[in-house]
Amino acid sequence: MKAGVIGAGAWGTALAQLLAADGQAVRLWALEAEVVDAVNGSQENPLYLPGIPLSPSIAATGAMADMADCDLLLVVSPAQHLRSVVAQAPAGVPLLLCSKGIEAGTSLLMSEVAQQAQPRSPIAVLSGPTFAHEVARGLPTAITLACEDAALGQRLAERIARPAFRPYLSDDVIGAEIGGAVKNVLAIACGVAEGAGLGLNARAALISRGFAEMTRFGLARGARAETLGGLSGLGDLVLTCSSTNSRNFSLGKGLGEGQAAADLLANRRTVAEGAFTAPVLRAAALSAGVEMPVVDAVCALLADAVPLAQVIDALLARPLRPE
Ligand SMILES: NC(=O)C1=CN([C@@H]2O[C@H](COP(=O)(O)OP(=O)(O)OC[C@H]3O[C@@H](n4cnc5c(N)ncnc54)[C@H](O)[C@@H]3O)[C@@H](O)[C@H]2O)C=CC1
Ligand SMILES: O=C(CO)COP(=O)(O)O
């Protein structure tokens, strides 16, 4: 039996490499035939993870039926495609969900979507500050592994831990997912501050006040505060809000430089999840009665609805209140 990875973008490929670096067999499902050919033929994924030599023990496939001999499936598709790929996956196999986002139309978290798509499959979530290129290169990384079933969580943690890759166990699945989804929207805001030349004070303010928004929303959805303050929340927020290695931060930087969202989002191959999560999160926050002004500002910019200067002025002109 072997581990399988569903989705061969940057993160799925990096996770396959992590698990296969010591020669263990890993099955990798890719959507694109050219990715299957490149991984199997020349041990690389130039489309999504260029410059990283991959282990020959990764076997790529474009046929989901080939995942039937896997005893663990890491699901690493973009959040908006998770329902369809999980529905095609073999039933009854533990699913470790690695996508970060909220489903449009349903406002469901990935664990809730997976539960609907594969009701018989046990579910866990893997989320934290983890740039794919760094994990693929074997650089030290810590991550949250959340699972309601403590024994399964322990088994999965032991299965994926490596000398430089440390999963920390949690039973707060909702908290781990909310941190990963919300931080992508806040990273867009920090990118805007960078692109518009607003300075590092503004970035720190957005990280802190954004974390307050994440916490308010998370607590309203049943997350625990310590999860939001951990690797999958604050940890990932800090990582993604401070580097153009983040696609979300880079998208925001383009917006801050005055480019239109429609142009920045047209024809991109890689995913900036925050652009999809932002409007869903805004609607979910509104219906939960949770104020998220930074998220609202990102939504306005993504809709190309309000000029940047006006969005910034509106945030700064909010009534003064206690922290
Ligand atoms: N790249 C990273 O460093 C990290 C990414 N993640 C999360 O992992 C998830 C996947 O992101 P990446 O691997 O970075 O993707 P990516 O941006 O590198 O690649 C895009 C992926 O989308 C897939 N795709 C496009 N259309 C599809 C469809 N109709 N059905 C199924 N798949 C489709 C492509 O095959 C490809 O695998 C996202 O939710 C992301 O937030 C989480 C941690 C780190
Ligand atoms: O989730 C990530 C790091 O933890 C990757 O962030 P981006 O999707 O913004 O590149």
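How many nonpolar, polar and charged residues does the shell around ligand 1 have, by class?

**Entry 1: the ligand shell.** I worked from a predicted model. I looked up the shell around ligand 1 by class and noted 13 nonpolar, nine polar and three charged residues. In total, 25 residues surround ligand 1. I recorded the closest as Gly9, Ala10, Trp11, Ala132 and Thr270.

**Entry 2: sources of the shell.** I then asked which helix gives the most to the shell around ligand 1. I found that helix H1, residues 10-20, does so, with three residues. I also looked up the domains: residues of the shell come from both domain 1 (2-171) and domain 2 (174-316), so ligand 1 lies between them.

**Entry 3: the sheet.** I traced an open sheet of eight strands and wrote down its order as E3-E2-E1-E4-E5-E6-E7-E8, with mixed pairing. At the edges stand strand E3 (58-61) and strand E8 (165-170); each has a single partner strand, so one side of each is left without a neighbour in the sheet. On average, neighbouring strands of this sheet are turned by 25° against each other, direction ignored.

**Entry 4: one strand pair.** I examined strand E1 (residues 2-6) and strand E4 (residues 70-75), which run parallel and are joined by five bridges. For Ala3, I noted Leu72 as the bridge partner in E4.

**Entry 5: helices on the sheet.** I saw that helix H6 (residues 150-160) packs on the sheet and touches E4, strand E5 (95-97), strand E6 (123-127), strand E7 (141-146) and E8. The direction of H6 makes about 175° with that of E8. Helix H10 (residues 231-240) also packs on the sheet, touching E6, E7 and E8. I recorded about 145° between the direction of H10 and that of E7.

Notes: Residues are numbered from 1 along each chain as its sequence is written. Chains are lettered from A and ligands numbered from 1 in the order in which they are written. This is a predicted model: local features need pLDDT of at least 70, side-chain atom pairs count only at pLDDT 80 or more; totals for chains, interfaces and linings use all residues. A residue is near a molecule or strand if its C-beta atom, placed from the backbone, lies within 6 Å of it. Helices (H or I, at least four residues) and strands (E, at least two) are DSSP runs, numbered from the N terminus. Ala, Val, Leu, Ile, Met, Phe, Trp, Tyr, Cys and Pro count as nonpolar, Asp, Glu, Lys and Arg as charged, and the others, Gly among them, as polar. Domain bounds come from an automatic or database domain assignment. Two strands pair if DSSP finds at least two bridges between them. Axes are lines fitted to C-alpha atoms, for helices over the stretch in contact, and angles run from 0 to 180 degrees between N-to-C directions. Two residues are in contact if their C-beta atoms, placed from the backbone, lie within 7 Å.
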